[in-house]
Amino acid sequence: GGAGGILCQRTSPQIIDCTMTANTLAAAEGGGGLYVVADLNGSNASPIVQNCRFTGNLSTGGGGGGVTCVVSNGGSSTMSMTNCIVANNFVSASVGGGVAFSKSGSGTLSPTMTACTVMNNVAIGQGGGIYANTFNTITLSRCRILNNTAYTGNNNSSSVGGGLHFA
């Protein structure tokens with residue numbers, strides 16, 4: 001996997017007052033703007049993301065257009081996003097036009113979003129704004145989720161979680 005903008009693989013940096021705009025990921029998995037991954041037993045990837053903007057990013061493979069956090073094989077993440085804007089991002093063949101949180105197999109995924117705006121994102125898949133699956137807990141507090149779209153199928157006619165899709 002990879003990232004069009006920033007890759008946080010098994011690391012937990014502070015990302016503050018940053019802008020990720022017009023990044024493209026053309027890989028099987030990852031994120032257009034930010035990709036966070038904890039994929040080994042005992043590994044942790046829990047960045048603190050504050051006052052950041054993820055706009056106009058594109059993922060043509062798997063993962064979110066703006067932000068993606070993935071846990072697998074016994075890894076863990078308590079990623080937090082505060083006062084961030086995730087807008088006008090696009091994922092063409094997967095989930096989470098704006099944000100995708102995903103866990104496969106064992107591990108712990110407990111992300112938090114506080115006072116974030118997720119708007120005008122598109123997924124040709126599921127979860128136009130936010131997609132989350134197999135998480136342990138997820139906390140959304142004082143967030144605004146507006147005007148997001150999800151399409152499935154070849155005719156792009158059915159919506160599956162335009163704003164939020166929890167699976």
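Arg10 and Asp39 form a salt bridge, with 2.6 Å between the closest N and O atoms. The model is predicted, so local features need pLDDT of at least 70 and side-chain atom pairs pLDDT 80 or more, while totals for chains, interfaces and linings use all residues. Residues are numbered from 1 along each chain as its sequence is written, and side-chain values use heavy atoms, leaving out hydrogens and water.

**Exercise 1.** Find where Arg10 and Asp39 lie, and classify the exposure of Arg10 and of Asp39.

*Solution.* 
- Step 1: recall the rule, a side-chain nitrogen of Lys or Arg within 4 Å of a carboxyl oxygen of Asp or Glu. It gives a count of 1 salt bridge.
- Step 2: Arg10 sits in the loop between β2 (6-9) and β3 (14-16), and Asp39 in the loop between β7 (34-38) and β8 (48-50), so the pair links parts of the chain 29 residues apart. Strands here are DSSP runs of E with at least two residues, numbered from the N terminus.
- Step 3: apply the exposure classes: buried is under 20% relative accessible area, exposed over 50%, partly exposed in between (1.4 Å probe, protein chains only). Arg10 is partly exposed because its relative accessibility is 37%, whereas Asp39, at 18%, is buried.

**Exercise 2.** Describe the lining of the largest pocket.

*Solution.* 
- Step 1: a pocket is an open set of points on a 1 Å grid over the protein atoms alone, where a 1.4 Å probe fits, with protein on both sides within 12 Å along at least five of seven lines; lining residues have an atom within 4 Å of a point.
- Step 2: the volume of the largest pocket is about 170 Å³, taken as the space filled by probe spheres set on the points.
- Step 3: of its 13 lining residues, Glu29, Tyr35, Gly63, Val70 and Ser102 lie nearest the centre. Two or more lining residues come from each of β11 (67-72) and β16 (99-104).
- Step 4: look at Ser102. This residue belongs to strand β16 and is partly exposed because its relative accessible area is 22%.

Terms used:
Helix = DSSP H or I, 4+ residues; strand = E, 2+ residues; numbered from the N terminus.
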